[in-house]
Amino acid sequence: MAISLLRATECLAETGEAAWLRYAPIKDPHALKQYASLPQTAVSLDHSLIASSAEKELTRGIQSMLARTLREVPKLPNENAFVLGTVTDLRSRFSELQSGQVTGDGFWLKTVHHRGHAYTVIAGADESGILYGTFALLSRVAQLQDVSNLDDRETPAEPIRWVDQWDNLNGSIERGYAGRSIFFDNGHVRADLTRVNEYARLLASVGINGCNVNNVNAAPDVLSDASLKELARIADAFRPWGVRMALSVNIASPQTVDKLDTFDPLDPRVQAWWSSKADEIYRLIPDFAGFTVKADSEGQLGPSSYGRTPADAANVLARALKAHGGVVLYRAFVYNHHLDWRDPKADRARAAYDIFHPLDGKFDDNVVLQIKHGPIDFQAREPVSPLLGGLEHTNEAMEVQITQEYTGQQRHLCFLIPMWKEVLDFDLHAKPAPTPVKDILAGKVFQRPLGGIVGVANVGLDANWLEHPLAMANLYGFGRLAWDPDLSPQTIAEEWTRLTFGNDPLVVQTITAMQLASWHIYESYTGPLGAGTMTDIIGVHYGPGIESSERNGWGQWHRADHDGIGMDRTVATGTGYIGQYHEPVAAMYESLASCPDNLLLFMHHVSYTYKLHSGKTVIQHIYDSHYEGAEAAAHLITQWKTLQGRVDDERYKDVLQRLIYQAGHAIVWRDAICEWFLKTSGIPDEKGRAGHHPNRIEAELMELDGYTPVEISPWETASGGKAVTCDRSTDCSVSFTVQRADGEYAIATQYFDQNDGTAQFHLYVNGKLVDAWVADDDLPSPKMNGHTSTRHTSPALTLKTGDTIRIDGLPSGGDKAGIDYVELETSGAN
Ligand code: GCU
């Protein structure tokens, strides 16, 4: 009985919009009994805007989960009640709260027995703490935890817990994969900011207290008088949730916005400009959080135009904000993207440390250096940035990327919490005692007034916020880790699953396992051994593009050639990057004997036959990991299928089709990498897989009617480097005769789904239509390549030797109904 009730509740229609704040009605009889004794009344003794949001949220959550309407009363009632307030206020009423510290934005959840009544007290160190405590209490109820005898105190690890949005005023989002901006459209702030308010509520529910709303590649217009008036409306929508708005600013603004003849930070007119701009901002937005600055980076102007340092620029902005309580997050993502690739000493990874380490101590105390977690750029595997351990007198915030720019763009499942957690726990040995990154950020290693973590989120108007329903675990987990970096990825994944999909043990166990495995899976079928993600570096950063990173100035080189692969970053013979780490970290990376396999190619150049600690050669590892990764991606489908009927149909189907797509694209990745390294190294796969596809029939070798063979670029993104394309406006077809033994086969068609048309495909066996599909996905390219190569697997059917298989492709717009190959699968896993 209990089970059927549980199922019924957890099969509600879902759009994903509620994310982890679903407050699904609780039907589990045991839990209901447990919660029957919860108070029916609530009082807030704090009358701030944020505390009022907290009280409303409490009422909303209890109503939704327990079908009970809380009575909100103005003063402490003579009955059991939820009591909200600041610790300071509540101390005078409840002696139980006398001792015990709660600081920052922290909270204290405590069951207090007073004059014969039980009060469930939600006490905040400040008003935000009241809100965070309320969300924490509701989360415990949603997870069916016992809340009858509470005594939990929590304080966030760091004061800066921000998300950045890279939204442009025209409504597009740089590296956004979930639709258009929730903030902007057509050069203006949107008229309807309902989604912005909902976003702030989601952020607050996991303790995030700041949001930078515009692209780090900041449009100068952002600071115009007209623009600021509009932006103030966003801050208004954030305010009830304690989320403070920040803005990315262009360092050349004095010149571009107000026609000064300079933006030299040391020019008094420029300083006066920033001051008066800050005053203007605070008149409109009294709780404005501050500025984020990307300067002298990837084409953005910066202080170097006048021979000034980043400290000169940051301090001018910081002084303008100081009196108002604002901060400057100055990004350490500064590097020369016109490096000479022929120079073996040139190394982009060195840049942040080389530029900012000498400036340690030169920044004002309301400047925070925002440092990407790795030295390159959010790759699937990077070492921890040495700069995080290289500053003793400068505030630091670590930047991570929630939007999956280099990790599958929310089309592939990639739960990033284990990656961030590895970074947070990594001991940089900045002092003799352990100095994990999380302690450095929290100011526990070097005394610093500020510190934190910033996640580039890039949610969009898509109902699911991040498009892939399972990707929302990254936003949730980011907030949870920023609050408490000691939480384990397992705990975070479980919490998120319970809140998002319900408490059915099989659902929790399965989704948690899928999430925890997913980063490793993604890494396995993309970039090997720390060599970089091997994606199309100078394009959309999605499908494979192995040579795109070489022979250009961007510096994401892996230096793979006929003999070997990897960047020599040693002090002894390489770029010297490793010398930026403290000992013993430097020694660990410098020596081949102790360098971990998963970063080997980041640190060293080795031959393909070099033996890893695992005992495999580099080349065999490349083959094996890519085959294993693609297989593991297919296994995610099998795991997900066990949840049919246990999660709502909408999200079940949505996730299923995404996982099927991912498994197909993992094969594209696997083949591109394996074929490229097979050709480049000339060393065969000892298991005979790379370069051998006995079940595959190349389209260009089939009988063609209307289709013409074409070369694909880069060659490794199509099987055999070629495909066929239909250059007329009517159907073209490919056909072949089955030459396999009679049996059951699933027919997998590898085709190209370009974003400039919606081609149609029809599959016939012996002239009989057996399947049809439409190439209507929105993949990031109008070309036939590794971004658009897609697999469609038709249901298994019985085939006989000599049967004829024909595929008709009908082009549409620029989409020429391209086909790469057909594979006859005996397993039919998809
Ligand atoms: C990456 C990303 C850019 C972004 C940059 C940054 O390089 O591709 O779109 O502007 O990071 O963090 O500034």
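The structure is a predicted model in which local features require a pLDDT of at least 70 and side-chain atom pairs count only at pLDDT 80 or more, whereas totals for chains, interfaces and linings use all residues. Residues are numbered from 1 along each chain as its sequence is written, and side-chain values use heavy atoms, with hydrogens and water left out.

The protein chain contains 20 helices and 30 strands, where helices (H or I, at least four residues) and strands (E, at least two) are DSSP runs numbered from the N terminus. For its 830 residues, a compact globule would have a radius of gyration near 28 Å, and the 28 Å of the protein chain agrees with this; the radius is taken over C-alpha atoms, and the globule rule is 2.2 Å times the number of residues to the power 0.38. Along the principal axes, the C-alpha atoms fill a box of roughly 85 × 70 × 55 Å. Of the 830 residues, 62% are buried (buried means under 20% relative accessible area, exposed over 50%, and partly exposed in between, with a 1.4 Å probe and protein chains only). Among contacts (heavy atoms within 4.5 Å) with a separation of 6 or more, 73% join residues 24 or more positions apart.

The domain assignment, which is automatic or from a database, gives domain 1 (20–154), domain 2 (160–487), domain 3 (546–567 + 605–681) and domain 4 (696–826). The C-alpha centres of domain 1 and domain 3 are separated by 47 Å.

Leu 38 is placed in the loop between α2 (29–35) and β1 (41–44) and is buried, its relative accessible area being 8%. Apart from neighbours within four places in sequence, Leu 38 is in contact with Leu 66, Arg 68, Phe 82 and Val 147.

Most residues other than glycine have a negative phi, and most peptide bonds are trans. Leu 144, in the loop between α5 (127–142) and β6 (151–154), has a positive phi near 60° and is partly exposed at 23% relative accessibility. A positive phi, near 80°, also occurs at Glu 467, which lies in the loop between β16 (451–456) and α14 (472–483) and is partly exposed, with a relative accessible area of 24%. The peptide bond from Glu 583 to Pro 584 is cis, with omega near 5°, and Pro 584 falls in the loop between β17 (564–565) and α17 (585–590). The bond from Ser 713 to Pro 714 is likewise cis, with omega near -5°, and Pro 714 belongs to the loop between β21 (707–711) and β22 (722–726).
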